[in-house]
Amino acid sequence: MPDFPYADRFTVNRVLPERGRSREEVLAELREMARAEDPTWETGKVSGTMYCGDHEHYRFLDEAFGLFAHVNVLQRDICPSATKFEGEIIAMALDLMHADAVSDGEPVGLVTTGGTGSIIHALLAYREHAAKHRGITRPNFIKPETGHPAFDKGCHLFGIEIRRAPINPQTTEVDVDWVADNIDENTIAIMGSACNYGYGTVDPIPELGELALSRGVGLHVDGCLGGFVLPFAQELGYDVPLFDFRVPGVTSISADNHKYGYSLKGTSTVLFRDKAYRNAQYFYLPDWSGGKYHSPGIEGSRSGGLIAAAWASMVQLGREGYRNYAKAILETAFAMQDTVRSHPELTIMGSPTFCFAFRSDEFDIYHVADAMKPKGWRFNGQQYPNAIHMAVTRPQTQPGVTAAFAADLAEAVEYAKKQTAAGAAPISAAVYGGVPGGMTDEAAQFIEGFMERMLDTQQSLPPL
């Protein structure tokens, strides 16, 4: 990433311009940047990131967003459409997660700003519910090591002790016995993934559900990644274990509209088995001088455009549309996994779904990433053990992508062998999942520096 992108092509705004530019000029600049960046993922060689990849669908969502972009969903008396959109998004998501099977609660939900938003709302709900009903003041929460870092972030923010359960290295699923041994009187909830980001595997949710019920704790299922694929995989006959509200003990589920729900970034749902959990995280301030303040979630003002676009995507695609896309994605993912398995030097991690990771005992797998990067492939590197991660999305379902993957992977394996024989170190590394070698002081400084480059642009402006 350059120190300051586009400095060589466009005006750099060091201060707010005294006089504004024409709309045509501004839009022309934006179009040029978009035209430069879109081809990097349109090839289908980028893992995850762009889950839809259909510009016609994006234009449809843009129009839906634009009609309500200026709306603040807090003002429901002025814009009652927000209530329709949000209520129906929640109802459709609950239906997808088989909330009709619930007989021991009143299923409800929230629309949030993304996967992290859904996760931290669930954590807040469990903390407040446990404080109110169980008197817990020193809460702890148990997640598999493979659980998304948003759980760690939320626990850090809310003063919840996080306990990380190990996984079975063969299956990549959580060690349920370890979870059972580490639940105590201050545990507010446990979680499992459907599926986890790293390996695309589903934790044993029925076993976790039995454990949660027997110990009187909540069970959150993180379906942020798989929530809009796995239900349709089950309908298509794929061997996907139960993970939703049909499992007794599951008390909440997160599912991202802005991933495989094919909505715009900034929309997700968190669903609760019973409204007592959701209502526990409401915030009230009835004695404020500005009026009686109340907030159903952490955020205050939100754009109605995102909710409108999420609703539009769901009702336009319908079950058939989602099912057809899921079929193409799963077929592509399993074809790619077969390609990986055709190389004895490579090993698939666990029994994955549409998202998978592979490693090697013969060479450093990052050599493979190095060889494929010049050909346009962008993988996420993982660690402990080193692995390459591929989340299959709709761009990968384009004709020719799986064939290109097979050809390029074969060449990359040969490259990795030669580099290993020569004693060369790879260039690629695990970034999303962490920094190679663990969180040393040097690693922390690297991460801080990387984030500063994204945010503190004033420091990296080109000279006058």
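## Arg 394 over two rings

In this predicted model, Arg 394 lies over the face of Tyr 262, 5.8 Å from the ring centre. The charged end of Arg 394 also sits over the ring of Tyr 325, at 3.7 Å from its centre.

## Aromatic pairs

Tyr 282 is partly exposed at 24% relative accessible area, while Tyr 284 counts as exposed at 55%.

Phe 356 and Phe 358 make a stacked pair, because their planes are at 25°, with the ring centres 6.3 Å apart. Both of these phenylalanines are buried.

## Helix H13

Helix H13 runs through residues 401-421 and reaches 30 Å from its first C-alpha to its last, close to the 30 Å expected for its 21 residues. Which residues of H13 are buried? They are Val 401, Phe 405, Asp 408, Leu 409, Ala 412, Val 413 and Ala 416. Seen down the helix axis, these buried residues fall within an arc of 155°, so they line one face of H13.

Their cover includes helix H11 (304-341), strand S10 (346-348), strand S11 (355-360) and helix H12 (366-372). Turned away from the buried side, another face of H13 carries the exposed residues Lys 418 and Ala 421. Just after the helix, Gly 423 takes a positive phi of about 75°.

Methods
Residues numbered from 1 in each chain as written. Predicted model: local features only at pLDDT ≥ 70, side-chain atom pairs only at ≥ 80, totals over all residues. Heavy atoms only, no water. Buried < 20%, exposed > 50% of the residue type's maximum accessible area, 1.4 Å probe, protein only. Phe/Tyr/Trp six-rings, centres within 6.5 Å; stacked < 30°, edge-to-face > 60°. Lys NZ or Arg CZ within 6 Å of the ring centre and 35° of its normal. Helix = DSSP H or I, 4+ residues; strand = E, 2+ residues; numbered from the N terminus. Expected span 1.5 Å × (residues − 1). Arc of directions from axis to C-beta. Contact = heavy atoms within 4.5 Å.
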